[in-house]
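Here's a quick walk through this model, from a few charged pairs out to the overall fold. Have a look at the structure first, then read on.

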Amino acid sequence: MRFPWFFSVVLLSGSLLLVACTGGKEEVACRERYWDSVFGTCLPSGWKSVDPVSLRSRGVPEEVIVVFQADQFASNQIPTVMVTKELLVRDWDAASYSDASMKSVQTLAGYALLDERNITVDDAKIRLHTFSAQPIPEEPAKRFYQLSTVVRKVGYTVTATLPLSPERDLEKQVQLILSEVTFQSEE
């Protein structure tokens, strides 16, 4: 598992990709279903997927399969949700992979556990891990929401990166995106 490298990509993509800043608060609800034939979720108003060609042109590696960004800055950063994949060389069940992913980030600088709760993704029980860390010393500490699971011998990790103290509406938006994660088509 290569999670410390992953956080450099999360932070890099959040700082390289620019979005327009708009105002206004809305009820947090599903605005658009996202499905790319592998990964699905629900996006609230004010969130969009970033074009994969744009990701690759900025040096984001192939392991990153999709990035979602808010169209509003929060504490001078762009709230981002990134989905990565990892081909597994051994068999993992979803719960074990989720636990291993949680352990791998505990070595990050400034790591502090904020919350941990069980969730279900496509009938697999895993954990949603919320923590703070400062993986890049020159940047402020950030809040991360992370879930990891296994689908057909591929490990997937979904990580949201927010300011350390996000507004409640922003937290609700991220929680909606994470609670709707699926690897099964609705068709």
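## Salt bridges and the sheet

Glu 139 and Lys 142 make a salt bridge, with their closest N and O atoms 3.2 Å apart. (A salt bridge here is a side-chain nitrogen of Lys or Arg within 4 Å of a carboxyl oxygen of Asp or Glu.) Lys 142 is buried at 6% relative accessible area, while Glu 139 is partly exposed at 26%. Buried means under 20% relative accessible area, exposed over 50%, and partly exposed in between, using a 1.4 Å probe and protein chains only.

Elsewhere, salt bridges with shared partners link Asp 99, Glu 116 and Arg 127 into one network.

| Pair | N to O distance |
|---|---|
| Glu 32 and Arg 31 | 3.2 Å |
| Glu 180 and Arg 33 | 3.0 Å |

Glu 180 sits in the segment after H4 and Arg 33 in strand E1 (residues 30–35), so this pair ties together parts 147 residues apart in sequence. Glu 180 is partly exposed at 30% relative accessibility, and Arg 33 is too, at 37%.

A word on the ground rules. This is a predicted model, so local features need pLDDT of at least 70 and side-chain atom pairs count only at pLDDT 80 or more, while totals for chains, interfaces and linings use all residues. Residues are numbered from 1 along each chain as its sequence is written, and side-chain values use heavy atoms, leaving out hydrogens and water.

Now for the fold: the protein has four helices and nine strands. These are DSSP runs numbered from the N terminus, with helices (H or I) of at least four residues and strands (E) of at least two. Seven strands build an open, antiparallel sheet in the order E3-E4-E5-E9-E8-E7-E6; two strands pair if DSSP finds at least two bridges between them. Strands E3 (47–49) and E6 (112–121) are at the edges with a single partner each, so one side of each has no neighbour in the sheet.

Inside the sheet, E7 (residues 124–133) and E8 (residues 142–151) run antiparallel and are joined by five bridges. Ser 132 has Arg 143 in E8 as its bridge partner. Helix H3 (residues 94–105) packs on the sheet, touching E5 (80–87), E6, E7, E8 and E9 (154–163). Contact means heavy atoms within 4.5 Å. Overall, buried residues make up 48% of the 187 residues.

Note on methods
Axes are lines fitted to C-alpha atoms, for helices over the stretch in contact, and angles run from 0 to 180 degrees between N-to-C directions.
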